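Hi there,

Here is the structure I promised to pass along. Have a look at it first, and my notes follow below.

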Amino acid sequence: MLNTQLIMEQIRYHPIVATISIAVGTVLASEVIWKMVQYFRSKREKANRVHEVVVFNELGEICAAQHLWNTRPGSQEPEAAHCRNTHCTLRNVGKIAEQIDRAVYSIDLAIYTFTSFSLADALKRALQRDVSIRIISDGEMVFSSGSQITVLARLGVPVRVPITTYMMHNKFCIIDGVERVEEIRQLRKRKWMRPCYSIAVSGSVNWTRQGLGGNWENCIITADEKLTAMFQAEFNRMWKAFEKTEESLIQPK
């Protein structure tokens, strides 16, 4: 009761001070509420982020004929959303393409060999969204039959390879890596960037027909911040190390 009386006297005899105090209190309260909203929103988003192991094996193709039969008229890609085969190759490839389709700013791909039309199409869609794409590959496999890397290079994607007899045998992809997004922000001279989070795709599988639909392979898709940062750091290191090779590859038309 005494505190209430004191507040009323402050308002009565010092209206300016009281008004300022109320305004400051309101601002502070709104900041606290906003921070709490951001905290719980971030916690919910992190809980919903992907952490998945995708397995490719001999059972992945048993539903292929059915998917081709069910392909919609005018559609180039069969659908696998409702496939009952838990090992369905088409659906598993779609999980990788889904992450590529979520890219906001960057995709860095280190891949030994790449011939998959579905995943190449996903990268082409990313280019149309103005996503920055960089590719590191093996010097011999870049020019192998059916390579989609040369196709993407002609569309303007920079490609680098090591000059060595050893193989660049990595198979990983970083989507919206924190370090790369910050680099893009500085290059584009922006004060802020749209919210996004990093994804790493890595495993034994090459992005080829046999790798995705015939071999026994695995692929981890994760939003783990430490793992994505480590993959991004290694990609950046290789990108600088292979700098001299970019000009020798097929240049965009």
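Let me start with a question: which strands each supply at least two residues of the lining of the largest cavity? Please keep in mind that this is a predicted model. The strands are β2, β5 (171-175) and β6 (199-203).

**The cavity**

The count comes to one cavity of 30 Å³ or more, and the space inside the largest cavity is about 30 Å³. Its lining includes Leu109, Ile111, Phe172, Val201 and Trp207. Lys171, Cys173, Ser202, Gly203, Val205 and Cys219 are also among the lining residues. Sorted by class, the lining has eight nonpolar residues, two polar ones and one charged one.

**The sheet**

Seven strands form an open sheet, and their order is β1-β7-β6-β5-β2-β3-β4, with mixed pairing. At the edges are β1 (51-56) and β4, each of which pairs on one side only. As a reminder, strands of a sheet pair through backbone hydrogen bonds, either parallel or antiparallel.

You can find the antiparallel sense in these two pairs:

- β1 runs antiparallel to β7 (residues 217-222), and six bridges join them. Val53 has Ile220 as its bridge partner in β7.
- β6 and β7 are antiparallel too, with four bridges. Here Ala200 stands opposite Thr222 in β7.

**Around β3**

β3 pairs with β2 (residues 106-111) in the parallel sense over six bridges. β3 also runs parallel to β4 (residues 159-160), to which two bridges join it. Ile135 is a handy residue to look at here: Leu109 stands opposite Ile135, and in β4 the bridge partner of Ile135 is Val159.

Helix α5 (residues 117-128) makes a right-handed β-α-β unit with β2 and β3. Helix α6 (residues 148-154) makes a right-handed β-α-β unit with β3 and β4.

The buried residues in α4 are Thr89, Asn92, Val93, Ile96, Ala97, Gln99 and Ile100.

Finally, Asn85 sits in the loop between α3 (64-69) and α4. Is Asn85 buried or exposed? Asn85 counts as buried because its relative accessibility is 12%, and the cut-off for buried is under 20%. Asn85 and Leu59 are 26 residues apart in sequence, and their C-alpha atoms are 8.1 Å apart in space.

Happy browsing, and do write back with any questions.

Best wishes

Methods
Residues numbered from 1 in each chain as written. Predicted model: local features only at pLDDT ≥ 70, side-chain atom pairs only at ≥ 80, totals over all residues. Heavy atoms only, no water. Pairing = 2+ DSSP bridges. Right-handed = clockwise from strand over helix to strand, strands pointing away. Buried < 20%, exposed > 50% of the residue type's maximum accessible area, 1.4 Å probe, protein only. 1 Å grid on protein atoms, 1.4 Å probe; cavity = no way out; pocket = protein on both sides within 12 Å on 5 of 7 lines; lining within 4 Å. Points joined across faces, edges and corners; volume = space filled by probe spheres on them. Nonpolar A, V, L, I, M, F, W, Y, C, P; charged D, E, K, R; others polar.
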